[in-house]
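The following paragraphs walk through a protein model, starting from a single residue and ending with the whole chain. Please keep the sequence and the coordinates at hand.

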Amino acid sequence: MKCPHRLEPHQIQGLDFIHIFPVIQWLVKRAIETREEMGDYVRAFSISQFQKSHTFPEDKELLQKKDKAVKAVLDVLEVYKPERKYRRQRDAGLHLDEESRVHSTLLEYGRRYGFSKRCKQNKEDEGKISMSEAVPDAIAEVLEEDNLQAAEEMQIKTLMTSMAAMASGEGKLTASAVGQIVELQSEEIKLIATEYAEKQLELSSEERSERYGPMQQQRRAVFSLNKQIQQKVEQLEELKVKHAEVKACNEEAKRSLLEATEHSVKLESEMKSLEEIEEQADSGLMETLRALVMMNENLKQQEQQFRTHCKEEMARLQQNIEEINSASGQDTEEEERSQLIDQQHNLDRERLQKIRLLMARRNREVAILQRKIDEVPSRAELTQYQKRFIELYSQVSATHKETKQFFTLYNTLDDKKLYLEKEVNLLNSIHDNFQQAMSSAAAKDQFLRQMEQIVEGIKQSRIKMEKKKQENKMRRDQLNDEYLELLDKQRLYFKTVKDFKEECRKNEMLLSKLRAKGAS
C-alpha cells in the first residue's frame, strides 16, 4: 500500500501504540484523500454534463462579442489591405540579387525599408569596447551611417527607375473575369496553358535565333535552366515544410487519441470497480437507497412540472385580467375573481412549500443512509482484514517456533557441554591418581572401589535420563493427540462457517425475490 512507516507483526501483537499510531494516521489520511478525489471526479463529471446542454449568460455574451470583433477585424483588414502602386518593367530584375529583389517588391507596394538598422544591430552584437576608443568609433559610426544612408537613397532611386506607375484599375480582377475563368473546366485550362507555353517557346527560340548567335542562345538556355532548377528547389522546400506540418498534426492527433483511449480505459476500470463495490454491498440497503433516490427524482420532476404549470396558469390568468380590464372597467365581479385567483395562488404556494419540506426531509434521510453505508465496512474489506490478521498470526507463530527451537538447541548443547566437562574432569583425575594407586595393594583396592562407585553413579544417572526421556515422549504423544483433535475441530469450524455463508446467501436471494414479488 506504499505506507511510509514500517510496522512489524510483533509490534501489532504487542500493542506498540507508538509505532501503530502513525500508520493509523496515514490510513485515515488516505481514506479522506480517496473520498476527496472521488468527489472531485463526480463534480467534474456533473459540470461536463451540464456544459453539454446548458450555457451561462456570460458565455452567450462573449460569443456575440467575439463574432462582432472578428467581423470588425476582417473589415479593417479589407480596408487597409496592401495596394500595389508600381509595376516592375519586364527584364528589370534578372540581374538583381535576392535582397534587391525583396526591396524592389516592397517598393512596388509603396514601402521603403532601409539597410542601416540591420548594419547597426550587427555592430552592436560585435562586443563592448573601452572608454578610450568610444569617441573616434562614434564619429566613424556617424560617418558610416551617412554613407549608408546615401547608398540606400541611390539604390532606391536605381530600383525606382525600373518601376512604372500602375493605373487605378490595373492589377484588379473584376467579377465578370472571375466568372469566365470559373466557367472553364480545369482540363481545358491546362490544355490552353500548355499550348500557350509551347507557342511562347517557339516564338522565343525564333527570336533568339534571329537576334543572337549560338553562344548567346546557350547562355540564355543555361540561365533559364538554372532559374527553373531554383524554382523547383523552392517548391521542394515548400513541400518539405508542408510535410513537416502535416506530420506534426498527425503526431498531435495520435497523442490526443492515445490520451482519449487511456481516459476511456480509466473510466471503464472505475466503472467496473464501482459495480464490484455495489455488488459486494448489502442488496437490501442498496434497493432501499435506490427507491429513495427514485422517489427524490420523481419529487423534483413533479416540483418542476408544478412550477411550470403554476407559471403558465399565472400568465394565462394575468392575460385574462388584462383583457377584461381593457374591455371594460373594473367592477365587483372582477375584484371577487381576482381575490379567488389570489387565494388559489396562495394555496398553490403553500402546497409548493410543503412539497419542498418533504423533499428536504427525504434528502436528509438519503444523506443519513449514505453516511451509514459508508461507515459499515463491506465484506471485501472484512475479508481483507481477516487475511491480513491470519498472515500476521502465521508470521508471529513461525518466529515463535523458530525462537523456541533455538532455545531448545541451546539448552541441549549446554547440557552436552556440561556432561563432556564432567567426563574430561573424571578422566583427568583417573590419570593423575593412577600411578599413586598402583604403588600398593591397599591403594589399588581403594582405587577400584572408587571406580565401581563412579560407574554405579553413571548408571543411575543414565536410568534417570531414560526415565525423563520416556516421560517427555509420553507428553509429546499426548500433545500430538490434542493437536489432532484441535485440527478436527478447526476443520469442522471452517465447514460450519462455509455452510453458514451459503445459507446466508440463499437467504438473501430468497429475500430479494420476496421483495421483488412484493414490489410487483
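Apart from neighbours within four places in sequence, Asn296 is in contact with Met359 and Asn363, where contact means heavy atoms within 4.5 Å. The model is a predicted one: local features need pLDDT of at least 70, side-chain atom pairs count only at pLDDT 80 or more, and totals for chains, interfaces and linings use all residues. Residues are numbered from 1 along each chain as its sequence is written, and side-chain values use heavy atoms, with hydrogens and water left out.

Asn296 lies in helix H10. Its relative accessible area is 10%, so Asn296 is buried; buried means under 20% relative accessible area, exposed over 50%, and partly exposed in between, with a 1.4 Å probe and protein chains only. Val366 is 70 residues from Asn296 in sequence, and their C-alpha atoms are 9.0 Å apart in space.

Glu303 is also part of helix H10, which covers residues 283–327. Glu303 counts as buried because its relative accessibility is 8%. Residues up to four places away in sequence aside, Glu303 touches Leu352, Arg356 and Met359.

Now to the protein as a whole. It has 13 helices and two strands, taken as DSSP runs numbered from the N terminus (helices: H or I, at least four residues; strands: E, at least two). Of its 520 residues, 7% are buried. Among contacts between residues at least 6 apart in sequence, 66% join residues at least 24 apart.
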